[in-house]
Structures are given as C-alpha cells and as structure tokens.
Amino acid sequence: MNISEQWLREWISPSLTTDALAHQITMAGLEVDSIEPVAGAFTGVIVGEIISAEQHPDADKLRVCTVNTGAQTVQIVCGAPNARVGLKAPLAQLGAVLPGDFKINKAKLRGVESQGMLCAEQELGLSDASDGLMELAADAPVGADIREYLQLDDKIIEVDLTPNRADCLSVMGIAREVGLLNDMPVKSLSFEKVTSTVDDSFPVELAAGDRCPRYVGRVIKGVDVSRPSPLWMQEKLRRSGVRSIDAVVDVTNYVLLELGQPMHAFDFDKLQGGIIVRTAQQGESLELLDGQTIELQPDSLLIADHNGPVALAGIMGGQPTAVGVGTTNIFLEAAFFTPVLMAGKARSYGLHTDSSHRFERGVDFQLQVEAIERASQLLLEIVGGEAGPLRETVSDANIPVLPDVVLRAARIEKMLGFSLDTEEVVRILSGLGLGVTATDEGWICAVPSWRFDIAIEADLLEELARVYGYNRLPVTHIIADLVIPAQPETSLSVRYLRRHLSGRGYREAITYSFIEARLQQVFDPQLSPVALSNPISADMAVMRTSLIPGLVTAVLRNTNRQQPRVRLFETGLRFVPEPNSSGTQGLKQTPTLAIVATGQRFAENWAMSKEAGDFFDLKGDVEGILALTRNAHCFEFKACKRAALHSGQTASIWRDGREVGYIGALHPSVMADLGLNAPLYVCEIDLEVVLDGKLPKFTELSKFPEVRRDLAVIVDKSVAAAELMVNVRAAAGSYLTDLRLFDVYEGKGIDPKRKSLALGLTFRDQSRTLSDEDVNQCVDQVIDLLGKNYNAELRN
C-alpha cells in the first residue's frame, strides 16, 4: 500500500523525520518497503498559461505558443497534441534544471526560437505518462512555483501489510497506529452530514444476508460528471498509485484510501426495480468495468437489480450500469461482506482489485454509513446535485459479534518475559481502540469493529509487545534443565540420507504440499485428497497424497529450460485420507522419500558413454539407500501394476511382508500428456523404513579360502530372478556367503519362451577349508531345487 506522507501528517504529525517515522512503524509490524519522492529533482518550473498557439511554419507537429509566466510572456515551441489556448501547464523557464540534470537553454526548433519548455508529467518525474502536457486546474495561479503549488516536497511511503492487518489499509488506519506509537491524539474526520433534499431512494433486498449483512445506499440526483476532480484529490490519488478517472469514481477511490471502505457508484437511471444482493444463477454472465465478460460461478455473490447482475460483489462493478459522460443521477453504495466467504472469489476469476483485497481481509462492519456520508459530502461539493435519504439494510442475525477478550496481568510477565505498569497496559489497549474494564485479575477488553485479528488473550499479549517495541524487550538468559535425548544407534538421520543422495548426483527439491487436483488423480486415482477451501490457485487446490507429482512438475520445469539430465529427491509428508478410530474421515501424514531421474546415465564427460539411464539405474540407487540400513536382505522388489506407471517396468518394494514403496517408469501416455520428451523413472518409499537400520555387529573374517561356482540355468521367462535367488540361498546351505546374478541372456540358441540366468555362488567356512565334495553337495542341492521348482536346465 502506498501512502503520501503529507496526507498522513494531515491526520497526525509527530516530530519525526520521514526515515524515523518509517522505522517506527516498521518496528511496530507495518513493514516499510520503500520511501520515494513524489517527483523528480527539478528547479525553475512555474505555472504557465498558453495565451496563443499557432502552427509552426516548417513543422506539421509543432506549435508556436505564447505563454504567460505571470511576469512576462515568452515564446515556446511545443509538440504536445493538447497545447491549446487557455491551457495551464508546467513551464520550465530558461535556466531550469529538470530530472536527470537536464538544463533548459534557449534553443531554435526548425528555425523558431523557444525560450523554455512546457512539460508533461513524465518530464517532471511525476509519472510515466507522456501523451501530452500536464494539464493544471483552471484556477492555478500563473507564475507560482509548481513544486509549491502541487506540494511536491512529499514522500511516498510503501507499506507491506500482513493479511491480518486489514485495518491499516487506509490513511486513517495508519494514522491510528502512528498516534498510538507516539502517544498523540489523531485528528478526527470532521464533516457535516448531508441533509437530504429529495425523497428518491432505491429498495434493497439482502437475499444472501450471511454473506452481505449490511448494505447502505443513497441516490444523488442532478450531478455534473463533466466537472473535474479538484487537483488536491487527483494528487492524493496519484501518490497512492490510483489513476484519476472522473469525479465520481475519484471520490469513491478517495474514500477507500482515506477510510478503508470500498464503494461503488451506479448510473441510477440504468438500474431497474431495486437492488438484490444474491448469489449467481446458472448461465448468468456479466460484462465488467475492465471490458471482459465473465461466466458467473454459482457460488459468486452479486449485486443485481430486477433485470440481472450489475456488479460482482466486493470485486468489480458492471459496465452496463457504469457512470459515464451522460450520467446525471447516481446510486452510491457501501456494503460489508463476510471476509471468510469472500476469500478466493476474485482469484477464481483471475482478478485482484483494491476492493477485493480489502474485503477478503476484513472491512470495519460499522464503517459503511460514515463512508456514504463522507462520499456524499465530497460529491455534492465537486459535482453538485441533490441527495436523497440514506438507506441502510441490515441482517442483524449475521452482523459479526466480536467477543470480549480477557487479559490476565500475570500472563504478561509469564508470556512476554517482562512486566508492564498497569497504566501502560491500559494506555496501549485503549490506544488500540479497545474498551478496557479492570478486574481483579486483569482486564476485560471489548474489541473494536475494525480489528478482526484480536480474538484470544495471546493476541492482546502480541499487541502489547508490538506497541511497547520489540527492540525494547529485555534480554534474559534461559534457565532450564537441558537433557540431551538419547540417539538410538540403529536409526539413520535424514541429514545422512540427504548427503548420500547428493553424493550419487541427486539434488534436493522442496515442493509445495498442495498440487493440482487433476495431477493428483493421474498418480493416485483411487484416493480422494483433502481439498483446500481457499486455494492460492487452481494448481494448488488439494493436499498431495504423493510427492511424485510435485517432483514431476519440477522435472518438467527444468527440462523446459534446457536441462536434459535431471535427478531430484525430496523428503516430506504425504497426506492420505483414511478412517480414524471413531469411524470418521481422518488424515494420515506419512513421512516419505521420493526420487526422480531422467536423461543420461552419467553427466556429460569425455570418458563416459552417453547412454540414457534406465529402470535399473534408479533401482541400483534405491538399493544403495537400502544398504545404508545394514539390513538390505529384508527388502525385496515385486513386479506390480500402478496408475501412471509402465506396467512392464514397475515394482513394489516390500520389507518383512509389508509394502513400503514402489519404483517404476512413467507411462508413455502420461509423459505425452505432461509434455515430457524423455523417459522418467520415479521411486517413492516410506521414510521411516529407510531410516530404521540394524545395529552393526562384528563378524570375524574367515582365514580360509573361498570357493566360487558359476551356474547357468535355463528357465521360463516368467520366472522372477529375485524369487529364484531367494530359493537358491535357502537350498545352498550355511556355507554360501555370496550369491550374484551376473548375466541374463535371451536369444540365439535359447527357446524363445525361455531365458538363461547365470549365477555366481561363493562358499566359505569359518573353521576349515571346504573340500570339493562339500561344495559339490551344496551345488547339487541347488541344481536339484531348480529342476524341481522351475523346470530348470543347466546350460552347456
């Protein structure tokens, strides 16, 4: 939010410099992002009046103007399209210095002498507008210094407010804070309420009282929209980042910035029957003020008349009933909309307006009448007209009720670590607008209508610390029994796991816990994820049931930016719906490790091949992780089918009879849908089983030699090598110390329905050297098992 320092000081003016004031409110939680001058550095610029404008004899786009400076007349050659007789504009005299250290000297343009320069806003550093001369008010004093006339010795303070401080989205709100911080009274807004001079009014019906419990309106007849807004109002709007449009719109924007109440003005003659605040009906549409026509969603709140929608409530008005050049009668509105029910509505249409920004966070629900009165007073002064009676429609049952909050004196020192004098506590709480009543234990505080963020005792404690000054809080040393918790030796640390994966060429990623609903259904179609009631965007609408969708999106983002080889991992929570003990729907939060890989097997290097990575590369990395547990033999991989993955390259991961994860290649159809060009391999496994290791145990090395025998057996293609090796281990006996699958062959010389598996068996005993007879007996047992269980044949 941008705020003019001069405008703020009209409400309260502490004896602080601009920088000191910005530091003060920053330390109070209203962070100042920047301080900028309202205009560039310039001198020698005055108000000039064009008293004649003739065509340049040698240039079609130039005009020779005679300009009154108040002391004399000078000749100026100007190319602005709006240079005309009677126009008052900034005049840079000879010797003037404009922003950028540009000095004005006497010059000739196409042979005609020019004794200065008439200026646009851009040339004075006031804005980026450069489509013509800056037009000043008709009553601007000729010859006056433009810096003094426009009060340009001002600063724009940009304040970055947290969502809970909607009460500070106005000059009045910031002034309240500054007054409290400096223990000074804030100037009250004083103006006379408008007396109605006509009886015209417009009926209002609250068909959605739970979403709009208060609506205030007034008819003003006989306005002259052609009258411009006064210069002081245009300048305040400009310095707040709002463009001047016409007097009626400017007044509503001015009240929004001054008081924080969004408003809207309709062309009264274009409204039919009466105002109805209701939700949208199927098939309705509305052309907005920005020119776009939107199809209205069924849960959207509308301002409608008897003919249909006229405004998207709390967001933007409609073009058909907008105030225009021919408008003579207006209907002015101010309403309160329930913040929770407004949240996210503007974003669902791809919109974000000053009004929606405030209504989503919460507007003072008692401010509407004052805002209408203030706007009415300004409109009658600027555009004239006659005001009708103010009409307020209220749904009493839905008006917010802010409960009293109890603050216990003992909790101040306990929670903040220091004590405050009773007088100081009362001063701060009263300065916040709370009604304070003393009790034996502390105070009962009545929360003002503009503070939606104060609901519990902790909120009051936070306010005390904030206003007292975080920089003034005393420093105390913690006194506590610090017990170092026991660290079980069997558990691996996540940090160690991350270091291991980094060493294998993976980079850690951190993705959002919210993902797109469509993407979630691609990977976990059998689960109904938890949907967010107020998502940041449609791409972050549900809680993730898997980490893979977020990592896949990260891979896609990287490959689209010329990164063909991507290896990522993430540790985080999955949010899986499941019934709880009471039978209602619960949510299981499972710590998970996810890994994705695509591209070449090795990083580009002259000594390495450029082969693409495959399923077994990722499987090898996963087995390397499982080996960290020192209990890798408890894990096994079983072929399976899973949504979004290739049926021939997918396996589930099991430990001790329980499925704990999966690994596989992304299905080609999913890759095409997502826009991935290279195969992508993914793995997801419960983090707790990866971190649950086995305590190392010393085993004496055998002094006796090992004996190795290789077997090549032919089995059916359907036989899983992992299953076969489990049975070989069992049959080989206790002498077997190592078993490896070192070759798989299919092709020439082998039945097309069968394959050859080559196994390396290593035997050793701790107490003696094994004889050939010992080893042959073990091998014979293996061959016999393979023949009986798998119809295996030894390969010659």
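Helix 5 has as its buried residues Leu231, Met233, Glu235, Lys236, Leu237, Arg238 and Arg239, where buried means under 20% relative accessible area, exposed over 50% and partly exposed in between (1.4 Å probe, protein chains only). Helices (H or I, at least four residues) and strands (E, at least two) are DSSP runs, numbered from the N terminus. The model is a predicted one, in which local features need pLDDT of at least 70 and side-chain atom pairs count only at pLDDT 80 or more, while totals for chains, interfaces and linings use all residues. Residues are numbered from 1 along each chain as its sequence is written, and side-chain values use heavy atoms, with hydrogens and water left out.

Because seven of the nine residues of helix 5 (residues 231–239) are buried, this helix is largely enclosed by the rest of the structure. Its buried residues pack against strand 1 (2–4), helix 1 (5–11), helix 3 (146–149), strand 11 (155–160), helix 6 (247–259) and helix 10 (368–382), with contact meaning heavy atoms within 4.5 Å. Just after helix 5 comes Gly241, with a positive phi of about 85°.

Apart from neighbours within four places in sequence, Arg238 is in contact with Val38, Leu126 and Leu152.

A cavity is a set of points, on a 1 Å grid over the protein atoms alone, where a 1.4 Å probe fits but cannot get out, and lining residues have an atom within 4 Å of a point. The largest cavity holds about 60 Å³ of space. Helix 4 (residues 171–181) gives the largest share of its lining, four residues. Among the residues lining the largest cavity are Asp167, Arg176, Trp450 and Arg451.

As for the cysteines, the structure holds zero disulfides, a disulfide being a pair of cysteine sulfur atoms within 2.5 Å. The closest cysteine sulfur to that of Cys65 is in Cys78, 5.3 Å away and therefore too far for a bond. Cys65 is buried, with a relative accessible area of 0%, and Cys212 also counts as buried, at 0% relative accessibility.

How values were computed. 1 Å grid on protein atoms, 1.4 Å probe; cavity = no way out; pocket = protein on both sides within 12 Å on 5 of 7 lines; lining within 4 Å. Points joined across faces, edges and corners; volume = space filled by probe spheres on them.
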